[in-house]
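Biologist: I have a few "how do you know" questions for you. Could you put the structure up so that we can go through them together?

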Amino acid sequence: MDSTELRSALTHTVRFPQINNRYTTSDSILAILYPIILGLERIETNILLQQNGVFQFVSGLPTYPNPTTLRRFLERFGSRGLTSFQSLHDQFRGHFLMKPAPPSSVIFDLDTKVLTVYGQQEEARVGYNPKKRGRPSYQPLLCFEGKTGDIWEGVYLSGDIHPAPHTIDLLERSILKLPSGIREIRIRGDSAFYDHTIVEFLQEVSAFYAIVARITKPIQHCFGGLRYEEVSPGVWVSEFEYKPWRWKTAQRFIVVRRLLPENPSWQLSLFQMRGYTYQVMVTNLSLKPLNLWRFYNQRATGELIIRELLEAYSLGKIPSRDWASNQAYFHLVLFAYNLINWFKRLCLPAGWQHLNLQTIRNRLFSVPGQLIRPQGRPTLSLPNSYPYSKTFMQILRNINKFVY
């Protein structure tokens, strides 16, 4: 899918009344997506692209909107066009999940992040904020597909809202838009998602789950009577069955016990007792405790994705005081991330598919070039010293082969 196909899809799907007819809806959306991908961070710095005629020619934009125009568009887009844009994003998600081959199972990783704000943004509220206590915040709630790294669903919340009630809606939407042929769904989540309503929902839809449990007093009392098996030096595992208060049925709990290291700073979030750290997971998977622990630890990929969303895609750069605008920007960031993820998976050579966005920018997007017109034909000329010219041309051929 090249920029022409994307522009066409946006034009036909995302429609709402606009006061300014100078820029189409698709032009305005692309004018926000391009800077996110290029790393310009804030809408104000987009003015650099107004002075770049080559970029405007390559991107197909007649001129580049100024920051005020883009902010006004974000407000209208967030209140009138976001629903249709999300539907288009869902179509892309389902299509690209089937590439290069249809999967028979999916893994959904749940995560949430506190975004501290420093102004008077609407719906920014004071809630749990471990780094900036007492500061208002927003709270993105995200669902990743664990095998591909695609962001499958996301919702933007106020900082004082507990994610559990919204997680069921998020999971329900995520499951409903899965393509046919998916036979197994596995869910991984940290202790923020340790809630009986979430587990009961997953049981109703026949999904498997591995969720970190909050270590309450009754669970602590179980530790002493367990028989532990040492699975590697300094690591022991065990399991027990327990029915927490308010839960409908007893659950299988897996315990991982490790020796407390001399410098335990990286494990401060784990429960500590008598020289050991403990991690407990609730699950309905039949995996052995060691294999379950390894399966859950693969969820760390989601934490890396959130870090990249913050650092490379400017998720934490709140663009406006308006709630609708900030929601719209959030969903544009998710779309930009997925576009790059699909690009890496389907167009880049195998050795490049693990690269982060900043490295891709350095190797592909921030390359000096010259727009020349031999015999009146516009041609983008790359420098002779460019070390990735062969790879660059192969990537272009891969893009041209791919048809959405």
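Modeller: Happy to! Let's begin with helix H12, residues 357-365, where Leu-357, Ile-360, Arg-361 and Leu-364 are buried. This is a predicted model, in which local features need pLDDT of at least 70, side-chain atom pairs count only at pLDDT 80 or more, and totals for chains, interfaces and linings use all residues. Residues are numbered from 1 along each chain as its sequence is written, and side-chain values use heavy atoms, with hydrogens and water left out.

Biologist: Why does Thr-167 count as buried?

Modeller: Buried means under 20% relative accessible area, exposed means over 50%, and partly exposed is in between, using a 1.4 Å probe and protein chains only. Thr-167 has 0% relative accessibility, so Thr-167 counts as buried. Thr-167 sits in helix H6, residues 164-176, and its contacts, leaving aside neighbours within four places in sequence, are Leu-110, Leu-141, Phe-193 and Ile-198. Contact means heavy atoms within 4.5 Å.

Biologist: His-331 is in helix H11. Is His-331 buried or exposed?

Modeller: Buried, because its relative accessible area is 8%. Not counting residues up to four places away in sequence, His-331 touches Leu-82, Phe-85, Gln-86 and Gly-154.

Biologist: Now the whole chain. How does its radius of gyration fit a compact globule?

Modeller: The globule rule is 2.2 Å times the number of residues to the power 0.38, and the radius is taken over C-alpha atoms. For 404 residues a compact globule would be near 22 Å, and the protein chain has 24 Å, which agrees. Along its principal axes the C-alpha trace spans about 85 × 45 × 45 Å.

Biologist: How many helices and strands does the protein chain have, and what share of its residues count as buried?

Modeller: There are 13 helices and 14 strands, and 51% of the 404 residues count as buried.

Notes. Helix = DSSP H or I, 4+ residues; strand = E, 2+ residues; numbered from the N terminus.
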